[in-house]
Amino acid sequence: MARKISYRQAIIEALDQEMARDEKIIVMGEDVVGGAGTDMEDEAWGGPFGLTSGLYAKYGGDRIMDTPISESAFIGAAVGAASAGYRPVAELMFCDFLGVCFDQIYNQAAKFRYMFGGKATTPVVIRTAIGAGLRAAAQHSQSLHPIFTHVPGLKCVIPSSPYEAKGLLIASIRDNDPVIFCEHKALFETMGDVPEEPYAIPLGEANYVREGSDITIVTHGLMVTRAKEVAASLEGDGIDCEIIDLRTTSPLDEDTILESAENTGRVVVIDEATPRCNIAGDISSLVNEQLFGKLKAPVQRITAPHTPVPFSPALEDLWLPDNARIEQAIRDAVAYAGA
Amino acid sequence: MQLSKDDALRAYRMMKTIREFEERIQKEFATGDMPGFVHLYAGEEACGTGIMMHLTDEDRISSTHRGHGHCIAKGCDVEGMMAELFGKVTGLCRGKGGSMHIADLDKGMLGANGIVGAGSPLVCGAGLAAKLDGNGRVAVAFFGDGGSNQGTTFESLNLAKVWNLPCIFVCENNGWAEATSSKWSVACGNVADRAGAFGMPGVTVDGHDFFAVYEAAGEAIELARSGGGPSLIECQVNRYYGHEEGDAQTYRDPKEMVKIRETRDCIVNFTRRVTEMGLVEPDALAAIDGETATLIEGAVAFARSSPEPGPEDLLTDVYISY
């Protein structure tokens, strides 16, 4: 039965239900307990965002463990434990900390299966916070999913709602490949309908968030919310938007993107990442390659500008794609009358 | 630590197989038929053997770019290894890994590794699994003097102690990180001196001396198996060949290596010692020499006659290919 819970609670519920199901699932990260080794363990943090709150009390220190601030060592330890029969979920507090542990992700976890001739499985999930809008500035606000998506052997998941957060996290934990699970910070407190029972949303299947006939909006994460707001506001002007939530950027559901793009003939791709080599560019290229001649307008990309994330609210609000930019891109595409 | 006759023969076979394998690789590589890069372990056999003699298939190790010796000592199939080095589909990794990525998880061999210092975090994970399973298994990370200076190694030493993991960190200090001397690059006297900073035992041993390595490893592994936590062992040793095949070794005096081979060779010294002790008969060692030569000859023939992977193999063993 569904009831409304937050994106944050959906993540905790997924971890909790999976840990109860399979004792080989262990959780590790900086302050995921909080207070390890002190008398305050029982009142532990459960992570700086509270995303593992309550799990220590229920599962104890052998199932959920604090680590020193040593991302290479504990992300690598999660990968090593995955090679040794466990199904670890490691928390990389911010995706921006990728720089101090990337080797263990892209040279180790991602490559074992292929490099060892198919004989290795590495069932590790790395949960990490992405996204701007919290005034957290350049080193705590990035959306680095294009980097993960670029690496063969990694799966990259970006839930857009509480429902997606729970179902995709459960699927990620049950998956035998390394998964980077990108949680958008601006969504943690959003509420939505989430079934109480465990369920898995298959990785690699995009979701029709809204059906429409005039234009396809392809996006993920926080931008799904913005796309929905814009689509609703354009209804009155007779513009009928279709919205596709990618859910995973790797594997990429090319079929759904192309099916929708062919039906509407117009595509806007929204990606919060910076523009070079990002998902918007990738999908634009895919659509142009496959549907050239069937499109009624050039594919529009809406991305952040190619700069670090600024601190000042006045600047960050300009940096993050907003409803006005999305609306303008849609109007331009619909009004396009040919060269 | 007393060595049984069977163990002495087993250790000799390990060392001899590694030496024969590496010296044959050197020749095969020179023909130009073997693709890629190879980093030979010859000269360091007593290190891997002295450690691995204490391990079973259930114990796990991580290795380095100089990993052939660790593979052999851990029990990897020699024919499969040779085929892998030739890039053949019959290789241990179906020709997709190569010299720097040979692995056999069934043997507890988590892989040679092309990234210096990358193995220690993985071994923390294998050690964590053993600790949680409570099965008395251990995990061993091999790295060189170069890897000893990586942050990953420092982080792993600290994490292993903080989590009290059954891990043994083995630095095979062969004096050279590519062409950079460890006398220059290691800021403290011995790599093992760093153990104290992480609150764990550390010992420096002569890596040419099988018995010294075997004894130090025995203590560290017993400590780890009984819940006593991690240790650091530094084996000071020499590699007989260059960093990789093709290395002109302009950074070191060739006479020095000749002298080390003549006076400190681990196999020669082991042979002298076990025969003088009367532990094994020279004939038994000679028989192993013959079997080893046959094994390597057969492995080369197998590898050379094996097929290459086909185009259909390019896109498999990864979850999805576009």
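## Domains of chain A

In chain A, 23 residues of domain 1 are in contact with 22 residues of domain 2. Contact means that C-beta atoms, placed from the backbone, lie within 7 Å. Domain 1 spans 2-195 and domain 2 spans 207-335 of chain A; such bounds come from an automatic or database domain assignment. The centres of domain 1 and domain 2 of chain A, taken over C-alpha atoms, are separated by 27 Å.

This is a predicted model: local features need pLDDT of at least 70, side-chain atom pairs count only at pLDDT 80 or more, and totals for chains, interfaces and linings use all residues. Residues are numbered from 1 along each chain as its sequence is written, while chains are lettered from A and ligands numbered from 1 in the order in which they are written.

On the side of domain 1 of chain A that touches domain 2 of chain A, the elements giving two or more residues are α6 (145-150), β6 (155-157) and α7 (162-174) of chain A. Helices (H or I, at least four residues) and strands (E, at least two) are DSSP runs, numbered from the N terminus. This side of domain 1 of chain A has 11 nonpolar, nine polar and three charged residues. Here Ala, Val, Leu, Ile, Met, Phe, Trp, Tyr, Cys and Pro count as nonpolar, Asp, Glu, Lys and Arg as charged, and the others, Gly among them, as polar.

## Chain A against chain B

Each chain brings 34 residues to the contact between chain A and chain B. On the side of chain A that touches chain B, α3 (71-82), α4 (102-109) and α5 (112-115) of chain A each supply at least two residues. α3(A) gives the most, with nine residues. By class, this side of chain A holds 15 nonpolar, 13 polar and six charged residues.

α3(A) packs on helix α6 (residues 151-162) of chain B at about 70°, with the axes 8 Å apart. Axes are lines fitted to C-alpha atoms, for helices over the stretch in contact, and angles run from 0 to 180 degrees between N-to-C directions. α3(A) and α6(B) are therefore roughly perpendicular to each other (65 to 115 degrees; under 35 is roughly parallel, over 145 roughly antiparallel, the rest oblique). S72(A), A73(A), F74(A), G76(A) and A77(A) of α3(A) meet G151(B), T152(B), E155(B), S156(B) and L159(B) of α6(B). That contact has four nonpolar residues, five polar and one charged.

## Sheet and helix pair in chain B

Chain B has an open sheet of five strands in the order β1-β2-β3-β7-β6, with parallel pairing. Strands pair if DSSP finds at least two bridges between them. β1 (60-62) and β6 (202-206) of chain B are the edge strands, each pairing on one side only. Neighbouring strands are turned by 20° against each other on average, direction ignored. Three bridges join β1(B) to β2 (residues 139-144) of chain B. I61(B) stands opposite V140(B) in β2(B).

Helices α1 (residues 5-30) and α10 (residues 266-276) of chain B have axes that come within 10 Å and cross at roughly 160°. That makes α1(B) roughly antiparallel to α10(B). A8(B), Y12(B), M15(B), K16(B) and R19(B) of α1(B) contact C266(B), I267(B), F270(B) and V274(B) of α10(B). By class, the residues of this contact are seven nonpolar, no polar and two charged.

## Backbone exceptions in chain A

Most residues other than glycine have a negative phi, and most peptide bonds are trans. The peptide bond from S250(A) to P251(A) is cis, with omega near 0°. P251(A) lies in the loop between β12 (248-250) and α9 (254-264) of chain A. R135(A) has a positive phi, near 60°. R135(A) sits in the loop between β5 (125-130) and α6 of chain A.

Note on methods. Contact = placed C-beta atoms within 7 Å.
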